[in-house]
Amino acid sequence: MSQDVKDDDQLLLENLAKSEYKYGFFSDIEQEFAPKGLSEEIVRFISMKKKEPEFMLKWRLKAYHHWLTMKEPKWQKVNFPKIDYQDAYYYAAPVDKPGPKNLNEVDPDILSIYEKLGIPLNEQKKLQGIAVDAVLDSVSVATTFKDKLNEAGIIFCPISEAVHSHPELVEKYLGSVVPHTDNYFAALNSAVFSDGSFVYIPKGVRCPMELSTYFRINASNTGQFERTLIIAEEGSYVSYLEGCTAPMRDENQLHAAVVELIAHKNAEIKYSTVQNWYPGDKEGKGGIYNFVTKRGICEGANSKISWTQVETGSSITWKYPSCILKGDNSIGEFYSVAMTNNYQQADTGTKMIHIGKNTKSRIVSKGISAGFSENSYRGLVKITKNASKARNFSQCDSLLLGDKCGAHTFPYLEIQNQSATVEHEATTSKISEDIIFYLNQRGISTEDAVALIVNGYAKEVLNQLPMEFAVEAQKLLAISLEGSVG
Amino acid sequence: MALIEIKNLKANIYGNEILHGLNLTINPGEIHAIMGPNGSGKSTLASVLAGKEEFEVTEGTVTFEGHDLLDMSPEDRARAGVFLAFQYPVEIPGVSNANFLKTAINEIRKYRKQDPLDAMDFLQMMKERAKLVEIDSTFLSRSVNVGFSGGEKKKNEIFQMAMLEPKFAVLDETDSGLDIDAMKVVANGVNKLKTDDNAFLIITHYQRLLDYIIPDYVHVLSEGRIIKSGGKELAYELEERGYDWVKAEAIA
């Protein structure tokens, strides 16, 4: 009997796999292909392929033409060879090398990381781009989630879908927080963005779940120019989780994502990121350039936006999740752990722009540098002239492991209202030999001791993450440090 | 068999020899006290036994339960059952006592091929042992030693000792800076933890701790050697007469 059931399941799986093949990627190969390079034609091609409405094409083209007039910024404290923008694919780039056929073909180092993170086999395969026969579990889980969200009136879909299903929302909000004129990479993203997430929380709705599990299952192939737009209507709440602790296979070196958040009156958006893109090897070869623009606006009174990020991956991380505190009494928060090892470079921080009265912001940044890496905090606190009684508290700590790495802090203050209160604290410390010995003497190895110390140091930030993710992030910090001490 | 046997131990730090050939044998069930003036090498002995890297052993052996202790890493010594109550316990921000101890206990259990303690058993054990050293259980969720008074830090050392159940514990001037009440708590902890199978080495400047922890043997350490050994009455004699007469006796 059980044998029969199994056979039925097997048949079902095979059918599913076949049908997917037929309607899915088979036909994709011929059609969804754009040649290397960037031109107005390519932008048009992308928009056409996505069957976008006219307003999107215009929007993309405007961004493209503006991008042509711009120059790559040079002020950041990171070094990388010149990027040839004409030598990249901008639409459904066919992978240069065929993906691995099974896990035996995957780098054992990466597999051991999966092991340590406790990632299930199917998910490992998916992360490495191996075709999974049928992911029945995740499909059903995803469907359940979707039903639940629909009931609450929440829209959560790929942004490419939202362009068709809710063009009025996309047209109204896309680029409203990060206009294409904002910076070089935002302009590039606006012209060629591939896909990303769209979230709309209606008035008075508390999103009943972290928008994370679902996302994680569907996260693959959002591409190198990801675009995310989250709108929280009056009195609503959403917690959104981006990224994955597991390193994902990726052929694209440059990642230039844009994330925009809009919080209306009394709304709250919590946005958490765990970034673990390929950091390059021990000699600093390879690795992802992660050049991201993330910004939220507290549009209405009493609204709140909170960014939490754990950045351990990428060879270069360059991003400043920011808050524009426009509504009176609105609150902006930024909690960050940025860890760099080997030859990684990170230049990250935030901007808190106080416009409304009684606006408050809080910045907690914890940098951890090891190996030959460079880790910079760069943050702006701006109090505009009408932002009376605005308050900011910033704490920027740096922890150094070893003496070949660097930690830098660049705080910028612009205060145009004398009733503001701004506090800044900064510390730099080294990991103490005495603490390590103390932990050794209690039976804890040096590697585990460093992990304990680092997790303790980053605790204030890790505490901001949703519970499950916090545990994964702790493991991730420990793994990212392996080999950096001793 | 002796629990720990130290033979002709010579050790230096940054080229300065501090221990000049120290001999000491401790059997299970014994409490030994080492007294001596400042700079005699008491804390060096503690550090060498625990395996602190800065100290270089140039001669001699230390055998712990038949194994070469000096050949083991600091963490393996701890896992094998050597415990040092530090003279200056460190503060570890963001790491709770509970998390720290759970990590430590499970490392030790792993070494002894035991299953890890589950959270409930661990919590139970922690509450029990906290009572033993009269510490408030709220302190278990606080970061290790952060914001603790001197007395609390020392009590925490004894608490950790109670949790880790070492076979051989070295108390490095645990009594220094303690008021009489805190000292009683520390002594009480040691007395309750003492069994026929474990042993303690109490390093102290003053006799007063030995009013509460009765040692089987008292040794006088001077210039990196044990120059006199005796029973508990030796401690009183030292308190009364100082160290000079012992030194004079040793030279003669």
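The following paragraphs describe two sheets in a predicted model, one in chain B and one in chain A. Local features require a pLDDT of at least 70 and side-chain atom pairs a pLDDT of 80 or more, whereas totals for chains, interfaces and linings use all residues. Residues are numbered from 1 along each chain as its sequence is written, chains are lettered from A and ligands numbered from 1 in the order in which they are written, and side-chain values use heavy atoms, with hydrogens and water left out.

The predictor assigns the complex an ipTM of 0.96 and a pTM of 0.81. Chain B has an average pLDDT (the predictor's confidence in each residue, from 0 to 100) of 91, and 100% of its residues score at least 70.

In chain B, six strands (DSSP runs of E, at least two residues) make up an open sheet of mixed pairing, ordered β6-β9-β10-β3-β11-β12, where pairing requires at least two DSSP bridges between two strands. Strands β6 and β12 (225–230) of chain B each have a single partner strand, so one side of each is left without a neighbour in the sheet. Strands β3 (residues 31–35) and β10 (residues 199–204) of chain B run parallel and are joined by five bridges, with M35(B) partnered by T204(B) in β10(B).

Eight bridges connect the parallel strands β9 (residues 304–311) and β12 (residues 331–340) of chain A, and E311(A) lies opposite A338(A) in β12(A).

Notes: Helices (H or I, at least four residues) and strands (E, at least two) are DSSP runs, numbered from the N terminus.
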